[in-house]
Amino acid sequence: MDLVVIGLGYVGLPLVREACRAGLKVGGLDLDARVVAGLKAGLSHVDDVSPAEVEDMLAAGFTPSREEPVLDGARTVVICVPTPLSADGGPDLTAVRKAAQTVARHLEPGTLVVLESTTYPGTTEEVVAPILEESGLTAGAEFHLAFSPERIDPGNPVYGVKNTPKIVGGMTPGCAQAAAGFYGKFVEHVVQAKGTREAEMAKLLENTYRHVNIALVNEMAVFCHELGIDLWDAIGCAATKPFGFQAFYPGPGVGGHCIPIDPNYLSYKVRSLGYPFRFVELAQEINDRMPRYVVERAQALLNREGRAMKNAKVLLLGVTYKADIADQRESPARPVARRLRKMGADLTFHDPHVEDWEVDGVAVPRARVLYTALAEADLVVVLTNHAEYDADTLTRHARLLFDTRGRTRMVDESAAERVELL
Ligand SMILES: NC(=O)c1ccc[n+]([C@@H]2O[C@H](COP(=O)([O-])OP(=O)(O)OC[C@H]3O[C@@H](n4cnc5c(N)ncnc54)[C@H](O)[C@@H]3O)[C@@H](O)[C@H]2O)c1
């Protein structure tokens with residue numbers, strides 16, 4: 001194999017697709033039997049990879065497997081396994097360690113090993129290198145080792161693996177060159193970092209930047225509401241500045257596998273120095289509070305209409321963590337639903353990308369027809385701005401609407417009475 005990808009999820013599978021398109025012979029290793037069986041049958045479990053593309057990958061020789069021997073003779077191995085948080089909120093590198101142990105058992109001289117999983121600076125050289133060296137081979141001398149952050153933006157129709165610049169940081173200049181040469185086969189622009197730590201840090205900087213700026217507008221949303229200021233309009237105005245400003249928008253909280261998790265990796269590392277990373281911890285606090293705030297606003301809105309939350313028919317629109325994808329990981333819709341349910345709301349949800357949705361093991365009924373669901377609900381709460389939820393449809397059919405995504409920010413006066421923005 002030219003390449004074996006370990007972990008065939010949101011990050012690993014698009015990488016396999018690009019490598020296959022470039023003519024590389026690609027193997028894949030995943031522990032999950034359903035993932036491997038599905039891929040072998042031409043199915044995709046990842047939003048950005050279609051079943052037809054999986055068929056093309058298989059036709060190009062892609063070999064998904066649960067068995068380690070797929071690694072034998074691999075010239076490059078890329079590790080794309082999950083890096084979640086542990087119970088105490090710190091990094092959980094169990095999957096990275098396990099994957100590195102697996103690679104070590106099959107490592108051969110000259111192989112390039114790349115870690116793509118998001119993690120704290122130092123992981124590649126302090127955690128992964130010693131495990132790989134249990135093979136008896138020396139990192140940087142007998143095999144190449146690098147870190148290359150994945151910058152994938154699920155659902156982004158413009159930027160994917162191929163046209164998003166790829167950062168690589170090698171343990172030695174030779175490792176960096178090997179990694180740049182490998183990615184250069186199917187990525188348009190490769191950027192070499194000074195070392196593995198700089199590459200690891202670059203990814204955390206990008207995600208922390210988003211996390212902090214989202215928290216900034218979320219905090220502003222709370223006081224702008226009380227001051228009677230339309231923050232959406234203010235952001236729109238500020239965004240006309242052609243330099244020095246990037247627009248971020250408020251919402252019901254942060255979700256997905258990166259923003260709510262990765263900055264914790266960095267704050268864990270900083271805490272090891274004996275002091276906190278205050279920006280991240282503050283952003284976490286503000287963003288974590290948003291689901292509760294959304295429920296409070298929803299309750300106030302019903303109250304304005306003389307209704308209690310108890311037994312009110314509440315329709316949640318969009319339960320995925322971002323628009324136009326099916327990924328529900330860390331979605332703020334879940335804490336919102338949990339609170340609403342606790343207050344006695346009669347909940348339903350609508351989401352074109354989700355068939356069944358459970359909160360704490362209890363199913364939330366799914367509304368199938370958007371128009372009727374909108375008209376039947378006492379209160380509609382927009383949580384995700386899926387393309388289907390256009391302002392016209394929402395305002396025409398909903399009796400009372402709380403829009404946490406600014407979908408309806410341009411509605412005319414006639415609808416303004418029934419629509420409230422976050
Ligand atoms: N999803 C994103 O948008 C995104 C973007 C950038 C970076 N990342 C990072 O990339 C990494 C992977 O994330 P993902 O979203 O692709 O995860 P994922 O859960 O979609 O996929 C990971 C896959 O790895 C498999 N796996 C776990 N342990 C394994 C092991 N020891 N050996 C073989 N397979 C194993 C799992 O079965 C799963 O199929 C994480 O560090 C994440 O933070 C994710």
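User: Is S331 buried or exposed?

Analyst: S331 counts as buried because its relative accessibility is 6%; buried means under 20% relative accessible area, exposed over 50%, and partly exposed in between, with a 1.4 Å probe and protein chains only. The model is predicted, so local features need pLDDT of at least 70 and side-chain atom pairs count only at pLDDT 80 or more, while totals for chains, interfaces and linings use all residues. Residues are numbered from 1 along each chain as its sequence is written, and side-chain values use heavy atoms, with hydrogens and water left out.

User: Where is S331 found, and with which residues is S331 in contact?

Analyst: S331 is found in the loop between β9 (313–317) and α11 (333–342). Helices (H or I, at least four residues) and strands (E, at least two) are DSSP runs, numbered from the N terminus. Contact means heavy atoms within 4.5 Å. Leaving aside neighbours within four places in sequence, S331 is in contact with V319, T320 and Y321.

User: Why is helix α9 said to be largely enclosed?

Analyst: Seven of the ten residues of α9 (residues 262–271) are buried, so this helix is largely enclosed by the rest of the structure. The buried residues are D262, P263, N264, Y265, L266, S267 and V270. Their cover includes α7 and α10 (278–304).

User: Which residues touch the most other members of the largest nonpolar core?

Analyst: A nonpolar core is a set of buried Ala, Val, Leu, Ile, Met, Phe, Trp, Tyr and Cys residues joined through side-chain atoms within 4.5 Å. In the largest such core, with 34 residues, I6, I79, V103, V113, L132, F143 and L145 touch the most other members. Elements that each supply at least two residues include β1 (3–6), α5 (123–132) and α7 (196–227). The largest share, five residues, comes from α5. A second, separate core of 31 residues includes A337, V354, W357 and V359.

User: How many cavities of 30 Å³ or more does the structure hold?

Analyst: On a 1 Å grid over the protein atoms alone, a cavity is a set of points where a 1.4 Å probe fits but cannot get out, and lining residues have an atom within 4 Å of a point. Grid points are joined across faces, edges and corners, and a volume is the space filled by probe spheres set on the points. The structure holds two cavities of 30 Å³ or more. The largest contains about 60 Å³ of space, and its lining includes P149, R151 and K166.

Technical notes
On a 1 Å grid over the protein atoms alone, a cavity is a set of points where a 1.4 Å probe fits but cannot get out, and a pocket is an open set with protein on both sides within 12 Å along at least five of seven lines; lining residues have an atom within 4 Å of a point.
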